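Visitor: I should like to learn how to read the features of this model, one at a time. Please begin with the terms that I shall need.

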Amino acid sequence: MISPRPLVWIFLTVAAWSGLLFHVSEAKNAEHDFIRCVPDMKVLFDPAKPIMTTVNLKGAYDHLDDFLGNPPRLSIADVGKSEVVQAELVGETLRLHWKTIGVSDITIRIENPKTEHALFDRVRLEAWTPNYTTMTFAVLGGLGIMLLGIKFMSDGLQSVAGSRLRNLIATVTDNRFTAVLVGVGVTMLTQSSTVTTVMVVSFINSQIMTFAQGIGVIMGANIGTTATAWLMSLNLVKYGLPVVGIASMFYMFSQVERTRLLAMVAMGLGLVFFGLQMMQQGFMPLRDLPEFTLWLESFSADTYMGIFLCVGAGCILTLIVHSSAAMVGITLSLASIGLISFESAAALVLGENIGTTITAVMASFGTSTNAKRAAYFHLLFNVTGVFWAICLFRVFFIPTVMWIVGTNPETGEILNPKIGVAVTHTIFNTLNTLLFLPLAGLAAKFLIAVIPDSKEKDTEQYLHTTLGKGRLDPPPIAIERSRVEILRMGESCTQLSGKVREILNAETPDQAIVDDAFRQEELLDRLQDEIIAFTTGMLADNVSLDIAETARQQLRMADELESISDYLVTILKSDRKLRKDGLEFPEPQRTDMKELHDAVDTYVSMIVQFYAGRKTNFNDLMSEVNSQGKSLTLKAKTIRNLFMKRMSEEKFDPLVVIAFNTQLNAYRRVREHAQNVAEAIAGVK
């Protein structure tokens, strides 16, 4: 057992030395009492133009007269080795001759001649020159990191709330208030009003939404995007890297998908804050550049011309950055370090609301008339809102925001410019939506008059999908768009079945209906190709397991529906060949085949309608599918047996027998592929 005595001696020795060091430190600090009277200085250094700075020390130390006596004895210490500045005292004036770029400290000794007691004033001196490369890299890097963070947040939130997002889309009705709420919710999940408006344009073009429904969603999107501004306005930039570090551990090592997705959201949030911090550091040196501050004065929102310039700058920069959220972040960075005034930041935000509409307008090129109207409504909505905001900018808008946030009673400036920018963004979009809600109908009529329907009827639109333009859609939105095309394939199959029935029942089929039936089958081939290209491209991206499973189900359904159309055309071709040879089925068999066709058609329609209705009672579906499927199989066997029995009693042309077996087999194949569609809907492997 170790004796405790040595441990006691060690403890006492350490305590004694600690006390001695503390005493020496206290004595040294007592000997040198430091004060801060002369402010630190920072000058813009130009080697071609030597700089000398003078400081009146008498004015700086007047308040020390009672303590040090009058006049105090001044001297300079700790500057002899400085390569940055040469300091000298001329009477009570400090002269600083700047020699090169760098940072140096000088210590001014202020001594009482009578008591010889001294105080020490330490001043930090910095000579600098702008490093535009470093500043540009910091701003661009911070912007890129922030954009990446916004994408991570958006993708993570969309994946976590994928089913909720699709349910929100499904709840859109002609009720404007409901549509506005859906727009708010979808934008908060996608973290981008641009994504929401582009989504609305594509949905209207794909006939998922009507023009009237899209108007409400667009107005709600403008309110939803203010959540990003509030998020960025939080003073949490210093926590950006720790959040990224901790979240990345969960993202890399967690085996639970939901945990990984939430970690992606947290990583995105951390990257947004870190990007803001980098941009602030990049912009910071600009405060000390006289040329830059002079240039910024031309964009000051003190006059209406300055307001228009700021609005225009915000609009153009948003077009360049291609993200209103990123531009709001830049505006927050500039306002937070005092590089621009709050009024200028507010005017920039107004311009950013116009700039964000251009993406939706560009996305509407080549789309349907209603999709174009939706895109131009977004432009009209924001431009009109910015117009009234500019008119009331100085008399209502800015005073209201400053009243909400609060001002400094001495300077009259807003207390927190970052919160002020977020409040500005929220007030503008909320008031604009409230003002437009009663006028939405008039705006719709105006756009219908300005953008009339195309002379070419939209009936030809079903010949082409819009999926090729949806690759930038978030996965929950993309999977909904491909669902619409799958549903279109199902409806086309039922339409094709109806045309085949009409042709089979006619004594002399209409050639136009026959040609239309063949075109319908070609349409289904084209739809399948586009759905496969779109869905496989989506699966190549980083999507959630839920989205991936739904995409695979859609691929399976597209293949099965296309096979159904092939067999329906096989029946049509068989009938055409039989008629060409002047042959037909006996009357009993014709009646049996008509009944079988109607039964198979009902079977396919039942499955398609189940999918269209977004029903989830899959057990009931499969029970009904299996029951009707067995009934159809039995019916087909009965028809075949009756025909075989009649063949033994009568002689038939071989072409009739071949056609009969071909069509009967085709109906059985249609039934099988329809059952496969139902299994894909229900998730049966």
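Guide: A helix here is a DSSP run of H or I with at least four residues, and helices are numbered from the N terminus. The model is a predicted one. With that term in hand, one may look at what comes after α13: the next residue is histidine 322, whose phi is positive, near 70°.

Visitor: How many helices and strands does the chain have?

Guide: The chain has 26 helices and 8 strands. Of its 685 residues, 49% are buried. Among contacts with a separation of 6 or more, 75% join residues 24 or more positions apart.

Visitor: What span should helix α13 have, and what span does it reach?

Guide: The expected span is 1.5 Å times one less than the number of residues. Helix α13 (residues 304-321) has 18 residues and should therefore span 26 Å, which agrees with the 26 Å between its end C-alpha atoms. The helix α22 can be read in this way too: its 29 residues reach 42 Å from first C-alpha to last, close to the expected 42 Å. At the N-terminal end of α22 there is a cap, aspartate 510, which places a side-chain oxygen 2.9 Å from the backbone nitrogen of alanine 512.

Visitor: Which residues of α13 are buried, and what covers them?

Guide: An α-helix has 3.6 residues a turn, so residues three or four places apart point the same way. In α13 the buried residues are Gly306, Ile307, Cys310, Val311, Gly314, Cys315, Thr318 and Val321. Their cover includes α4 (132-160), α14 (324-336), α15 (342-355), α17 and α18.

Visitor: How many aromatic pairs are there, and how is such a pair described?

Guide: A pair of aromatic rings is described by the distance of the centres and the angle of the planes. The structure holds 11 such pairs. In one of them, phenylalanine 381 and phenylalanine 436 have ring centres 4.9 Å apart and planes at 75°; because an angle over 60 degrees counts as edge-to-face, this pair is edge-to-face. Phenylalanine 381 belongs to helix α17 (residues 369-391) and phenylalanine 436 to helix α19 (residues 417-436), so the pair ties together parts 55 residues apart in sequence.

Visitor: Which aromatic pair is stacked, with 20° between the planes?

Guide: That pair is phenylalanine 393 and phenylalanine 397, with 6.4 Å from centre to centre. Both residues lie in helix α18 (residues 393-405), 4 residues apart, which is about one turn of the helix. Phenylalanine 393 is buried at 0% relative accessible area, and phenylalanine 397 is buried at 1%. Ring pairs also link these two with Trp388 and Phe428 into a cluster.

Visitor: Where does a charged end sit over a ring?

Guide: Lysine 42 has its charged end over the ring of tryptophan 128, 5.0 Å from the centre. Arginine 260 is placed likewise over the ring of tyrosine 251, at 4.4 Å from the centre.

Visitor: How many residues does the largest nonpolar core have, and which have the most contacts inside it?

Guide: A nonpolar core is a set of buried nonpolar residues joined through side-chain atoms within 4.5 Å. The largest one here has 56 residues, and Ile607 and Ile681 have the most contacts inside it. The elements giving it two or more residues are α21 (475-505), α22 (511-539), α23 (545-580), α24 (587-612), α25 (618-649) and α26 (654-682). Of these, α26 supplies the largest share, 14 residues. Beyond its neighbours up to four places away in sequence, isoleucine 681 touches Gln553, Met557, Ile607, Phe610, Tyr611, Phe618 and Leu621. A second, separate core has 34 residues, including Met135, Phe283, Ile330 and Val421.

Visitor: Is glutamate 679 buried or exposed?

Guide: Glutamate 679, in helix α26, is buried because its relative accessible area of 15% is under 20%. Its side chain makes a polar contact of 3.2 Å with the side chain of arginine 556.

Visitor: With which side chain does histidine 97 make a polar contact?

Guide: Histidine 97 makes that contact with the side chain of glutamate 88, at 3.0 Å. Histidine 97 lies in strand β6 (residues 93-98) and is partly exposed, with a relative accessible area of 25%. Histidine 97 and glutamine 86 are 11 residues apart in sequence, yet 4.9 Å apart in space from C-alpha to C-alpha.

Technical notes. Residues numbered from 1 in each chain as written. Predicted model: local features only at pLDDT ≥ 70, side-chain atom pairs only at ≥ 80, totals over all residues. Heavy atoms only, no water. Phe/Tyr/Trp six-rings, centres within 6.5 Å; stacked < 30°, edge-to-face > 60°. Buried < 20%, exposed > 50% of the residue type's maximum accessible area, 1.4 Å probe, protein only. Lys NZ or Arg CZ within 6 Å of the ring centre and 35° of its normal. Contact = heavy atoms within 4.5 Å. Polar contact = N/O pair within 3.5 Å; in protein donor to acceptor, adjacent residues only side chain to side chain.
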